[in-house]
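Dear colleague,

I am handing over the structure below, together with a short account of what was found in it. Please read the notes alongside the coordinates.

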Amino acid sequence: MNNTLLEVSGVSVSFDGFKAINSLSIQIAEPELRAIIGPNGAGKTTFMDIITGKTKPDEGKVIWGERNISLLGMSEADIANAGIGRKFQKPTVFEAQTVRQNLAMALKNPRGPLAVLLHRKTPANAARIEAIAEEIGLSASLPRIAGELSHGEKQWLEIGMLLAQEPRLLLVDEPAAGMTVEEREKTTDILKRAAQTRAVVVVEHDMEFVRRLNCKVTVLHEGSVLAEGSLDHVTSNPTVIEVYLGRGHA
Amino acid sequence: MHKTFISQNPSVLWFIGLLGLFTLAVVVGSEATGTGLISTSMVKTLGKTLCLCLIAIAMDVVWGYCGILSLGHFAFFGIGGYAIGMWLMYARTEIIVLGSLEGQVIKPTPQEISDAIGNQIFGVVGSSEFPWLWAFADSLFLQLLMVVLVPGLLALVFGWLAFRSRVTGVYLSILTQAMTLALSLWLFQNDSGLRGNNGLSGLQNIPGYEDTSQAVISLVFFLGSALALACGYILFAWVVSGKMGSVVQGIRDNEARVRFLGYRVEGYKLFIFTLTAVISGIAGALYYPQAGIINPAELAPIASIYLAVWVAIGGRGRLYGAVIGAAFVSLLSSWFTGGGAPAINLGFYTILWTDWWLVLLGVSFVCVTLFFPKGIGGLFDYLVRKPS
């Protein structure tokens, strides 16, 4: 692929002797929507930790962008500024602040203390916040305190904060957890639209949700790639069936 | 922009208004300019209280807004006090020494003058040499620069080392506590160059104003403290409002999330830590001329813990809460420990408040933390409903 945005190759990491990631290699193109599935402990969250700089791998390479920059050794903030946004498994928004403040903080703008201290509200920024709120369906909730939002709304706000960062790659960890059926549909739509112009990687447990995303699927197991392809392709793979059914997963 | 700042922070206007009224009342009541209803020592107590309020809002910004529980901010306060104290002591001793040498037939050499001043200041620790620390003590301007530079640089270096290593929570608190303890122990040494446990004294006498009464001097310092508090309040209200406030409170609530948004958390923490340290230094420089004396015990760890207690009782995360806490608790403390509170005779035991005040303070701290986590300032939430 010549439009590869992120290339993870031969990455391994172990915690106290347990190999969480075992020579994992994945390529993500731009734009692309990709789902990563796998049973508990397959290394999905650790994979995200490595890309975003939270965890340093023992070996392997993580290469980013046209200029082939290595993300290893960069700080979390630098990686985020390079264009990688991350949504956590539990919705983590700033609950004491309003929806508008949450989005304003995430908006792509200079991140230095001095620039932030002297920051003025501009109509352009306000318009961007309005547009993102519209996209995630929280226009009416902009002045509300984020802590008052429902679980689903918090998930959307966090996705909105990701969009506000204008990243080239979105890493989304279990966006549908704890959502109702209608909320899931809306979440799928938001992610699909986002993936039209950028790379979106969704880590998910829920097969139904993945089916609705209708995209290429990577199955992780014990820290490495077990199968890759369309959902129907990977679910007909006997090892995948064994890994899932063998653990009591339907 | 200013209009929106005030309209978004109506508490600033309220605070400045109330502080102005209070200042006016003290001016009217003081012995220097008014009716004399308020004694000079009371003016000094009130002026000192304003300085404590200033360091309390600094503490509130670093702890209540940014989530860094610093238990060492009184070190910066003390450094500010020492910095101004050195000039006050040097300049005043110089005037006295020059006065006593005036009548001599042979003009004293500069070395003799210097030795005489050194002897006066350091005789108490058995020395007459000027330590290197006093190199700038003869210049008011340079010592005033030290008031902001030394706390600022110390906070910058300390904070850079601590935040870069991602020391957070209780470990950071212990580190800051160790910093103030180390500083205090060093100052206790006779060869520290700052007169050991004697500290610096006579600071209420301002060189060049020997003929001005303490009533006037104390009122001037009171007004200076009120002005500093007002400016500090506006400065901090500005810093914690707007986008900076968003980021800083975000760091308090979820540091990792702020990092993944692309903000370098260490830089923000360092900025807040250093800024509050500088303001603490200024507060100390205004406090100790009113107290008249500074000694190493002022930098003892317990002082910084009291500071955290004031802010907790007053209400974290709101600037006026810190002011209320500092003023209320410190004035109450001087009332109880100064013998103002009547002893309670239970028949079998007499409660002497000088002994029992600390117990009362401790119990109220526990109660506030458990039952009123928003502190006294939280009561205002019942009065004012925030427009959403």
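The axes of α4(B), residues 73-101, and α5(B), residues 110-122, come within 9 Å and cross at roughly 120°, where axes are lines fitted to C-alpha atoms, for helices over the stretch in contact, and angles run from 0 to 180 degrees between N-to-C directions. The crossing of these two helices is right-handed, that is, the near helix is turned clockwise from the far one by less than a right angle. On the α4(B) side the contact includes Met89(B), Tyr90(B) and Leu101(B), and on the α5(B) side it includes Ile113(B) and Gln120(B); two residues are in contact if their C-beta atoms, placed from the backbone, lie within 7 Å. By class, nine nonpolar, two polar and one charged residues make up this contact, with Ala, Val, Leu, Ile, Met, Phe, Trp, Tyr, Cys and Pro counted as nonpolar, Asp, Glu, Lys and Arg as charged, and the others, Gly among them, as polar.

Please note that this is a predicted model, in which local features need pLDDT of at least 70 and side-chain atom pairs count only at pLDDT 80 or more, while totals for chains, interfaces and linings use all residues. Residues are numbered from 1 along each chain as its sequence is written, and chains are lettered from A and ligands numbered from 1 in the order in which they are written. Chain A has a mean pLDDT (the predictor's confidence in each residue, from 0 to 100) of 89, and 97% of its residues reach 70 or more.

Chain A holds an open sheet of four strands in the order β2-β1-β4-β5, with antiparallel pairing, two strands being paired if DSSP finds at least two bridges between them. Strands β2(A) and β5(A) stand at the edges with a single partner strand each, so one side of each is left without a neighbour in the sheet. Eight bridges join β1(A) to β2(A), and Val13(A) stands opposite Ile21(A).

As for the interface, 22 residues of chain B are in contact with 24 residues of chain A. The largest share of the chain B side, eight residues, comes from α9(B), helices (H or I, at least four residues) and strands (E, at least two) being DSSP runs numbered from the N terminus.

Best regards
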